[in-house]
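The sequence and structure are shown first.

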Amino acid sequence: MSHPDELARLWRAARPPVAVLHLDSAACSRQSLAALDAAAQHALHESEVGGYVAAEAAATVLDAGRAAVAQLCGLVDAEVVYTTGSLNALDLLLSGWPRDSRRLACLPGEYGPNLAVMEAYGFEVRRLPALEDGRLAIDDAAFELQDNPPDLVHLTPVASHRGIVQPLAMMAKLCREFGVPLVVDAAQALGQIDCAVGADATYSSSRKWMAGPRGVGVLALRPELMERLTPRLPAPLGFGEANVAARVGFSVAVGEHLACGPERIRSRLAQLGAAARSLLADVDGWAVVEEVDEPSAITTLAPTEGADPEEVREWLLAERRILTTYGGVQRAPMELTAPVLRISPHVDTLPEDLEVFAEALIEATAATSAT
């Protein structure tokens, strides 16, 4: 097996030179030169022959992207629909859900905008049992699914506000056992953890761990679930205007991910997360939310002495050119009680990069507290 630093070198060499210390992959990763070129070439082809002719010519590339997504979701026979992103995918799914089956169970840490979509379509939302750290209480969930099953379970395996990894495979097994459809929001999960559990529906964005373009996503569904949906318009799900160039770029990014080796990438990300959490555990004024050995690349920092995560994030970018994430309570309104700061390195991050961030965080905390 090659050294992790070799993967970092290959990942970085495949991309344009970075202008910041990029620790924000859970928001938007850096695209490769190949993905950028593929999207640009398609846009050029549209100009040469017309958008619809160019789209037909790109069919093979787009189909390859769909097949790769289905493989990563553990759904070999899936119907895979391109969307404009994760929220659009959830909107398409829930808007067509049977109207007499809208009792939904999700974790208390559910993403705020997801909750808004659920409410907009009249879903009755109830909370799955969770432990103190927000992790699914799997045994209690089993009892609930057996005694009072909802019409669907919506599980976000890695949330927007913390890097705790939910027991996705165990939940998929339970849902199959009790005949409850499982919908997976893999926006933070696809490319970071193993999502090949064969859920009834899995959706994700392109721009996060898969390192594709913004403005594109996917929705993968079992054919039997697809047949139950009633689209808002008398046309195929996902029909309408589309940025085909972005979809081509995403297809290339997914292909690159498979070529690098999904397990190899996941292992590297988990190592980086553990290194970051170990390094940051002793920084005054902040508490690391995740356990050191949590198998994700995300480290969430909660202020303990009054630091403002938003001001710290702005200072780091302006003064040290370090890109991080500010997480407001709207990300998880049923669970998050105060804002947090998040870092999410991709595989090209090196140990010395994390050390640079740790030193800058100490500076940023002191500088923003003094103002």
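A salt bridge is a side-chain nitrogen of Lys or Arg within 4 Å of a carboxyl oxygen of Asp or Glu. Side chains of opposite charge can pair when their charged atoms come close. The model is predicted, so local features need pLDDT of at least 70 and side-chain atom pairs count only at pLDDT 80 or more, while totals for chains, interfaces and linings use all residues. Residues are numbered from 1 along each chain as its sequence is written, and side-chain values use heavy atoms, with hydrogens and water left out.

**Salt bridges**

A search of the whole structure gives 12 salt bridges.

| Pair | N to O distance |
|---|---|
| Glu 294 and Arg 135 | 2.9 Å |
| Arg 162 and Glu 335 | 3.1 Å |
| Arg 135 and Asp 133 | 3.4 Å |
| Asp 5 and Arg 268 | 4.0 Å |

Arg 135 pairs with Glu 294 and also with Asp 133. Relative accessible area is used below with a 1.4 Å probe and protein chains only: buried means under 20%, exposed over 50%, and partly exposed in between. Asp 133 is partly exposed at 30%.

Helices (H or I, at least four residues) and strands (E, at least two) are DSSP runs numbered from the N terminus. Asp 5 and Arg 268 form a salt bridge. This pair links distant parts of the chain, with Asp 5 in helix α1 and Arg 268 in helix α11, 263 residues apart. Asp 5 is partly exposed at 37%, whereas Arg 268 is buried at 7%.

Arg 162 forms a salt bridge with Glu 335. Arg 162 lies in the loop between β5 (152–155) and α8 (168–178), and Glu 335 in the loop between β12 (325–327) and β13, so the pair ties together parts that are 173 residues apart in sequence. Arg 162 is buried, with a relative accessible area of 15%. A network of salt bridges links Arg 12, Arg 30, Asp 348 and Asp 353.

**Domain boundary**

Domain bounds come from an automatic or database domain assignment. The assignment gives domain 1 (4–30 + 261–369) and domain 2 (33–260), with centres, taken over C-alpha atoms, separated by 25 Å. Counting contact as heavy atoms within 4.5 Å, 38 residues of domain 1 are in contact with 36 residues of domain 2. Buried area is the accessible area (1.4 Å probe) that two parts lose on being put together, summed over both. Between the two domains this area is about 3,000 Å², and carbon and sulfur atoms give 56% of it. The count of salt bridges between domain 1 and domain 2 is 2. On the side of domain 1 that touches domain 2, the elements giving two or more residues are α1 (4–13), α11 (262–280) and β13 (340–343). The most comes from α11, with 5 residues.

**Lys 208**

An unreviewed UniProt entry annotates Lys 208 as "modified residue: N6-(pyridoxal phosphate)lysine". UniProt positions are given in the numbering used here, feature names are shortened, and annotations may be inferred rather than shown by experiment. Lys 208 sits in the loop between β7 (201–205) and β8 (217–221) and is buried at 10%. Leaving aside neighbours within four places in sequence, Lys 208 contacts Ser 25, Ala 26, Ala 27, Ser 29, Ala 187 and Gln 188.
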